[in-house]
Amino acid sequence: MNENLTGAYDARPWAIMASRTVSTVFHPFLMPTYLLALLFFGRTAFALYSLRFKIYIAGVVLLYTLVIPALSVALLRLSGRISSLRLDKRDERILPLAICALCCIICAMTIRRIPSAILLRRIMLAAACCQILCLAVSRFWKISLHLTAAGGFVAVISVLGFAGTGRLTTALAAAIVVSGMLASARLYLGEHNLRQVAAGFAGGFITAAVSLLLL
């Protein structure tokens, strides 16, 4: 009996480490970077663009979706406005989400003057809409930010695939698998319950899909 219990507890740290690794690797801040890499280096129309164009767009997107949001959250933590970089507390998510949404909007405005970047502008606006959704819901309920980002990622790939922008079937399948892994990780860590995870993915998917089609 004692040996079995010991074995069970010995396995738990590895599962926790794996779940945290998945949560970190597929953090919401990193999803736009992965999407951009897929568009520029995958089997899409964006892969045909010049290297100069790719470097400029990548620089703008990374600045507004990764660098500034990450620094903002770090500064909020240092100033004591939030208690954890993981944004575990629902009421501490409002300001970081507002900053992230604003950054996505500014990013969209920055690249809107480039005719060939119209679709990328829509993607940034879709990301902003997902952030606003989380901001609104977080005032009353702890929706999963990770799964909202994953749902938005899957939605973008789905819409682009149906629009004939590229061959994204493999990427779509991989994104769905990753979303499942991410959901399992968040549930295992006890960060969310099943409803919060499901609502995050569904909300992110619907919001991103509708935003891409209408904005």
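α2 gives the most to the lining of the largest cavity, with four residues. Helices here are DSSP runs of H or I with at least four residues, and strands are runs of E with at least two, numbered from the N terminus. A cavity is a set of points, on a 1 Å grid over the protein atoms alone, where a 1.4 Å probe fits but cannot get out; lining residues have an atom within 4 Å of a point. This is a predicted model, in which local features need pLDDT of at least 70 and side-chain atom pairs count only at pLDDT 80 or more, while totals for chains, interfaces and linings use all residues. Residues are numbered from 1 along each chain as its sequence is written, and side-chain values use heavy atoms, with hydrogens and water left out.

**Cavity and pockets**

One cavity of 30 Å³ or more turns up in a search of the whole structure. P32, L35, L36, L39, V61, L120, I123 and M124 line the largest cavity. α2 and α5 are the elements that give two or more residues to this lining.

A pocket, by contrast with a cavity, is an open set of points with protein on both sides within 12 Å along at least five of seven lines. Volumes are the space filled by probe spheres set on the grid points, which are joined across faces, edges and corners. For the classes, Ala, Val, Leu, Ile, Met, Phe, Trp, Tyr, Cys and Pro count as nonpolar, Asp, Glu, Lys and Arg as charged, and the others, Gly among them, as polar.

| Space | Volume | Lining by class |
|---|---|---|
| Largest cavity | about 60 Å³ | eight nonpolar, no polar, no charged |
| Largest pocket | about 920 Å³ | 29 nonpolar, nine polar, five charged |
| Second largest pocket | about 170 Å³ | ten nonpolar, one polar, no charged |

The largest pocket has 43 lining residues; H27, P28, F29, L145 and H146 lie nearest its centre. At least two lining residues come from each of α1 (2–25), α2, α3, α4, α5 and α6.

The second largest pocket draws at least two lining residues from each of α2, α6 and α7. α7 provides the largest share, five residues. The lining includes F26, Y34, F153 and V178.

**Nonpolar cores**

A nonpolar core is a set of buried Ala, Val, Leu, Ile, Met, Phe, Trp, Tyr and Cys residues joined through side-chain atoms within 4.5 Å. Buried means under 20% relative accessible area, exposed over 50%, and partly exposed in between (1.4 Å probe, protein chains only).

The largest nonpolar core has 45 residues, and L39, F40, I57, L120, I123 and I157 have the most contacts inside it. At least two of its residues come from each of α2 (31–41), α3 (51–78), α4 (94–111), α5 (118–138), α6 (145–162), α7 (169–188) and α8 (194–214). α6 gives the most to this core, nine residues. Apart from this core lies another, of ten residues, including L76, I82, L97 and C100.

What does I157 touch, leaving out residues up to four places away in sequence? I157 contacts (heavy atoms within 4.5 Å) L35, L38, L168, A171, L172 and A175.

**Cysteines**

The structure holds zero disulfides, a disulfide being a pair of cysteine sulfur atoms within 2.5 Å. For C100, the nearest cysteine sulfur is that of C103, 6.4 Å away. C100 is buried, at 6% relative accessible area. C129 is also in no disulfide; the sulfur of C130 is the nearest, at 7.1 Å. C129 counts as partly exposed, with 25% relative accessibility.
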